[in-house]
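Colleague: I have a model on screen and want to learn how to read it. Can you take me through some features, one at a time?

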Amino acid sequence: MFSTSELYNKRVFVTNRKGARKKYGKIRSVVFHPSKAQAVGLIVKRPDLALMVKRKDSFVALDRVEIREDGPLIIDQPDTWGTAACRRLGIEYDQCILWDYMPVKTVEGRELGSISSVFFDEGTFRVDHIDISSS
């Protein structure tokens, strides 16, 4: 079982054409499906180019990420990244949700706190449970 707090700031790697691993960036957040309780992807913060030019964050489909002991490895295929990944998954990126730090309320309207971590299954990426912080 994975949690969003475990994945944050982990280095992500990708293999190049020769099969060597190369650092791609760090996980910034986990993206969830707009209507299902399921994780669909990761937002990866790319390092600055030559320490001067900022790069845009990348969306990576979670089913194309292999979690290893030394860090997540992205399986590089054309439909792993951005809009191609969203099209393959049948989602619209702008409608997806970042659950962390969202406020949690009961049906009656009483505030419980905010989401501190989301736990989801390794194989299906379905949400198992959430941790709520009172602060």
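Modeller: Start with a definition. Buried means under 20% relative accessible area, exposed means over 50%, and partly exposed lies in between. Keep in mind that this is a predicted model.

Colleague: Then how does Y93 count, and with what relative accessible area?

Modeller: Y93 has a relative accessible area of 38%, so Y93 is partly exposed.

Colleague: How do I describe a pair of aromatic rings?

Modeller: Use the distance of the centres and the angle of the planes. Now the case here. The ring centres of F59 and Y93 are 5.4 Å apart and the planes stand at 65°, so this pair is edge-to-face. F59 belongs to strand β5 (residues 58–61), and Y93 to the loop between α2 (82–89) and β8 (103–105). F59 is buried, with a relative accessible area of 6%.

Colleague: How many aromatic pairs does the structure hold?

Modeller: Five. One of them joins F2 and F120, with 6.1 Å centre to centre and 55° between the planes, and is tilted. F2 lies in strand β1 (residues 2–3) and F120 in strand β9, so the pair ties together parts 118 residues apart in sequence.

Colleague: Is F120 buried or exposed?

Modeller: F120 is buried, at a relative accessible area of 0%. F2 also counts as buried, at 15%. Both rings belong to one aromatic cluster, made up of F2, F32, W99 and F120.

Colleague: What does strand β9 pair with?

Modeller: A general point about strands comes before that. In a regular strand the side chains alternate between the two faces of the sheet. Here β9 (residues 111–120) pairs with β10 (residues 127–133), antiparallel, over six bridges. F120 stands opposite V127 in β10. The two strands form a hairpin with six residues between them. In that turn, F125 has a positive phi of about 65°.

Colleague: Which charged ends sit over rings?

Modeller: Look at two arginines. The charged end of R21 sits over the F13 ring, 4.3 Å from its centre. That of R46 sits over the Y24 ring, 4.0 Å from the centre.

Colleague: Which residues make the nonpolar surface patch?

Modeller: L49, L51, M52 and V53 make a patch of about 480 Å². Find L51 in the loop between β4 (39–45) and β5. L51 has a relative accessible area of 80%, so L51 is exposed.

Terms used:
Residues are numbered from 1 along each chain as its sequence is written. This is a predicted model: local features need pLDDT of at least 70, side-chain atom pairs count only at pLDDT 80 or more; totals for chains, interfaces and linings use all residues. Side-chain values use heavy atoms; hydrogens and water are left out. Two strands pair if DSSP finds at least two bridges between them. Helices (H or I, at least four residues) and strands (E, at least two) are DSSP runs, numbered from the N terminus. Rings of Phe, Tyr and Trp (its six-membered ring) pair if their centres lie within 6.5 Å; planes under 30 degrees apart count as stacked, over 60 as edge-to-face and the rest as tilted. Buried means under 20% relative accessible area, exposed over 50%, partly exposed in between (1.4 Å probe, protein chains only). A charge sits over a ring if NZ of Lys or CZ of Arg is within 6 Å of the ring centre and within 35 degrees of the ring normal. Patches are made of residues with over 30% relative accessible area and no salt bridge: like charges are joined within 9 Å, nonpolar side chains (Val, Leu, Ile, Met, Phe, Trp, Tyr) within 5 Å. Accessible areas come from the Shrake-Rupley method with a 1.4 Å probe; for residues, only the protein chains shown count as cover. A salt bridge is a side-chain nitrogen of Lys or Arg within 4 Å of a carboxyl oxygen of Asp or Glu.
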